[in-house]
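Visitor: I would like to go through this model with you, one question at a time, with the cut-offs stated as we go.

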Amino acid sequence: MIRNIVKIIVGVVMIVCVLIGYIPQPEYLVELTCISNTIGGLLLLADGIFNITKKKNFLSTFYLNVTVSILMVFLVCMGSLTGVYKFNFKGAFFFMHVINPIVFISCYMLFINEQRRKMRFVLTAPIMIMVYFLFDYIRCRFTGEFVYGFVEPEELTFFYAIITGFILYIFVSLLALSLFVLNRLVHKKQ
């Protein structure tokens, strides 16, 4: 019961952070930070409610997808501390870029048990990230700019986009595999 209340509270906090951070600047709603924090918050909230009300719950299958996405947000934001590029760490964005990812990953490790899942489940973990980057690529074709602007649109031809997508899929799969194995180690004694 307590774990479900924790999920609900964390989910609500994540959603509130998104609202506080993005309502004043709705043009940034397309950022992965916004999307991953919103989906993560909704996932925790719905999972906690379904478990309390004893409704049939299939939501645990989405945790690894969201965990990998929110971890990518965290890693990219931590990379900005090198000074090569800048990310916002003020107010709600400190939560969405640092605190929420750490708390969400902790929820995944503590509350989701991957012992019964097959290792091939990891291959589906990059879906959310891949869909996001496909969205960003298509959006760039219409607007002429990528959401984060790390790459100039002219530099990322269709061929390079395919190669980049393949490399990204492998990297995210390895990241997911690490999280999956760590989760199994955490729950090994159960």
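Visitor: Does K54 count as buried or exposed?

Guide: This is a predicted model, in which local features need pLDDT of at least 70, side-chain atom pairs count only at pLDDT 80 or more, and totals for chains, interfaces and linings use all residues. Residues are numbered from 1 along each chain as its sequence is written, and side-chain values use heavy atoms, with hydrogens and water left out. Buried means under 20% relative accessible area, exposed over 50%, and partly exposed in between, for a 1.4 Å probe and protein chains only. K54 has 73% relative accessibility, so K54 counts as exposed.

Visitor: Where is K54 placed, and what is its phi near?

Guide: Helices are DSSP runs of H or I with at least four residues, numbered from the N terminus, and K54 lies in the loop between α2 and α3. Most residues other than glycine have a negative phi. K54 is a residue other than glycine with a positive phi, near 60°.

Visitor: Which residues is K118 in contact with, leaving aside its neighbours within four places in sequence?

Guide: K118 is found in the loop between α4 and α5, and it counts as exposed at 55% relative accessibility. Contact means heavy atoms within 4.5 Å. With neighbours within four places in sequence left aside, the residues in contact with K118 are F180 and R184.

Visitor: Which helices are included in what covers the buried residues of α5?

Guide: The buried residues of α5 are M128, I129, Y132, D136, Y137, R139 and C140. An α-helix has 3.6 residues a turn, so residues three or four places apart point the same way. What covers the buried residues of α5 includes α2 (32–52), α3 (63–79) and α6 (158–186).

Visitor: How is α4 oriented relative to α6?

Guide: Axes are lines fitted to C-alpha atoms, for helices over the stretch in contact, and angles run from 0 to 180 degrees between N-to-C directions. Helix α4 (residues 92–111) packs against α6 at an angle of about 50°, with the axes 8 Å apart. Angles under 35 degrees count as roughly parallel, over 145 as roughly antiparallel, 65 to 115 as roughly perpendicular and the rest as oblique. That makes the orientation of α4 to α6 oblique.

Visitor: How far apart in space are V73 and P101?

Guide: V73 is found in helix α3 and is buried, with a relative accessible area of 4%. Leaving aside neighbours within four places in sequence, V73 is in contact with L32, T33, S36, M96 and H97. V73 and P101 are 28 residues apart in sequence, and their C-alpha to C-alpha distance is 7.7 Å.

Methods: Helix = DSSP H or I, 4+ residues; strand = E, 2+ residues; numbered from the N terminus.
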